[in-house]
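Okay, everyone, thanks for coming. Let me put the structure up on the screen, and then I'll walk you through it.

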Amino acid sequence: MKWRDGFDLDLFLKKLEKAKVETKDGVGFTGWVFFDVISVFMTNIVVNKDVEFFLESILHKALNDTSKSVLNAKKLTSNIIKYEKKYVNMPRKKYLIATEISIPNHYPDITRHINNVHIYIRSKFPKHIQRESFLEKYSWQYKWRTPSSFKKMYAIVSARTDLEAGSNALKEMNFLRGLWNFYYNYKRIGKTMGGIRKPVNELLFGPVHSIHDYISGEYCDNWYYEVEYNEITPHHMRNMDRLFRSERWARKRIRLSVISDILHNCFIDYCSALDSIDLMGSYLLLWSILERITLSTNCSNDITVKRIISLAKDQKYQNYIVTHLKEFRNRSVHTNYSRSDNEHLFMQLKIYVESYLETFLSLGPMFASREELLDFLDLPGDKKILHDRIRLLNKKIKLYK
């Protein structure tokens with residue numbers, strides 16, 4: 001592990017030392033200083049990717065151990081490394097994450113294997129999985145009943161804890177739903193004409209996701225639920241052969257891309273954005289997809305716009321559209337700005353995101369590195385300027401000959 005360059009660790013340890021108090025259980029801290037420090041540490045530390053999920057827990061334990069004497073940077077860092085190694089070497093066990101998906105029960109079974117997560121869509125859960133017992137125990141905590149007409153969706157994954165298993169499984173299940181919903185949603189515009197707003201996605205999860213020990217089938221104490229869940233109807237999957245061809249093509253292009261991890265996460269977030277009925281939250285998530293695929297998350301929004309426009313045909317017109325979407329995003333973030341046509345703005349951005357996700361899937365194997373892709377995105381979008389550059393480059397090559 002390492003701290004970010006320039007991070008003043010001693011400043012925070014002094015704050016913590018002042019907040020220390022003796023308790024009957026040992027050492028404690030007054031106020032919220034302990035949690036403030038943990039939060040800042042999580043932003044300013046780099047750990048083994050394999051334990052990022054456990055970072056908060058690692059910091060809690062390391063700080064509690066270090067606080068038994070005077071807090072100092074060397075000892076804290078040593079304790080963090082100790083717990084980092086401990087979590088890396090934790091034994092893994094198999095878990096099953098169970099939910100439903102809005103596909104009618106009579107549709108054929110589906111199996112997928114994505115990033116060491118095995119996903120199954122069936123008419124029933126495995127017999128030994130105590131899904132009904134779980135639902136009976138926790139039914140008082142959520143409003144909606146699980147729909148019996150939906151197919152069962154479950155994933156089997158190896159993980160160190162039930163929460164890690166749930167997190168990893170739901171990501172890949174959302175990735176798969178993202179690809180399928182992308183096929184059905186592509187450039188489709190819809191508008192709420194009164195009544196309750198519904199998600200854009202049609203392939204949706206059921207309300208509750210339980211985590212089970214795969215061997216015994218017993219349910220774990222931790223579980224997940226869909227915060228915005230409302231009663232939904234089964235989605236009749238049209239053109240399944242074409243859908244699955246589209247999915248295979250997209251997964252292959254993602255695998256070949258120099259930004260495969262970015263594209264993978266973008267489809268997960270695309271799915272989340274269009275599951276939600278929160279227009280502004282979804283809008284910001286969709287805009288973040290454009291930032292990530294154009295490799296401009298650490299740049300100004302103007303760079304994002306420039307790189308998007310560089311790939312467009314009617315650049316002058318597209319520049320106006322994308323700039324207006326950018327300005328709405330900025331005003332919304334900084335001043336809670338809203339308009340009467342929020343839903344249309346959301347749909348405009350949705351279409352751009354879908355168009356550019358498809359473009360970047362097509363670009364997949366064209367580049368040898370991210371640096372080469374970045375150079376390509378920063379090239380001017382004007383044909384005449386590009387031809388002039390080619391002419392100049394050829395002159396330069398001729399000079400060296």
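So, 6 strands make an open sheet here, running in the order β6-β7-β8-β5-β9-β10, with antiparallel pairing. β6 (110-114) and β10 stand at the edges with a single partner strand each, so one side of each has no neighbour in the sheet. On average, neighbouring strands are turned by 20 degrees against each other, direction ignored. For us, two strands pair if DSSP finds at least two bridges between them. The helices (H or I, at least four residues) and strands (E, at least two) are DSSP runs, numbered from the N terminus.

Before I go on: this is a predicted model, where local features need pLDDT of at least 70 and side-chain atom pairs count only at pLDDT 80 or more, while totals for chains, interfaces and linings use all residues. Residues are numbered from 1 along each chain as its sequence is written, and side-chain values use heavy atoms, with hydrogens and water left out.

Back to the strands. β5 and β8 (residues 150-159) pair in the antiparallel sense over 10 bridges. H212 is bridged to Y219 in β10. Those two strands form a hairpin with 5 residues between them, and G217 in the turn has a positive phi of about 85 degrees.

Now, what packs on the sheet? Helix α5 does, touching β5, β9 and β10, and its direction makes about 70 degrees with that of β10. Touching, or contact, means heavy atoms within 4.5 Å. For the angles, axes are lines fitted to C-alpha atoms, for helices over the stretch in contact, and angles run from 0 to 180 degrees between N-to-C directions.

In α5 (residues 131-138), the residues R131, F134, L135 and Y138 are buried. Looking down the axis of α5, its buried residues fall within an arc of 95 degrees, so they line one face of the helix. That arc is taken from the directions from the helix axis to the C-beta atoms. As a reminder, an α-helix has 3.6 residues a turn, so residues three or four places apart point the same way. The cover over the buried residues of α5 includes β5 (93-104), β9 and β10. On the face turned away from the buried side, α5 carries the exposed residues E132 and E136. My cut-offs: buried is under 20% relative accessible area, exposed is over 50%, and partly exposed is in between (1.4 Å probe, protein chains only).

Next topic, charges. How many salt bridges does the structure hold? There are 24, where a salt bridge is a side-chain nitrogen of Lys or Arg within 4 Å of a carboxyl oxygen of Asp or Glu.

Let me pick a few. D275 and R177 meet through their side chains at 2.6 Å, N to O. That pair links distant parts of the chain, with D275 in helix α8 (residues 260-275) and R177 in helix α6, 98 residues apart. D275 counts as buried at 16% relative accessibility, and R177 is buried too, with 0%.

D378 and R307 make another salt bridge, at 2.8 Å, N to O. D378 lies in the loop between α13 (370-377) and α14 (383-400) and R307 in helix α10 (residues 301-309), so this pair ties together parts that are 71 residues apart in sequence. Here D378 is partly exposed, at 35%, whereas R307 is buried, at 7%.

There's also a network of salt bridges that links D50, R92, R160 and E164.

Now for a charged residue without a partner. E172 sits in helix α6 (residues 162-185). E172 is buried yet has no salt bridge, and the nearest side chain of opposite charge, K171, is 7.2 Å away. For that count, Lys and Arg are positive and Asp and Glu negative, with His and the chain ends not counted. So what does E172 touch, if we skip residues up to four places away in sequence? I114, N115, V117, I119 and H264.

Last stop: W32, in the loop between β3 (26-29) and α2 (33-43). W32 counts as exposed, at 64% relative accessibility. That's my tour, thanks.
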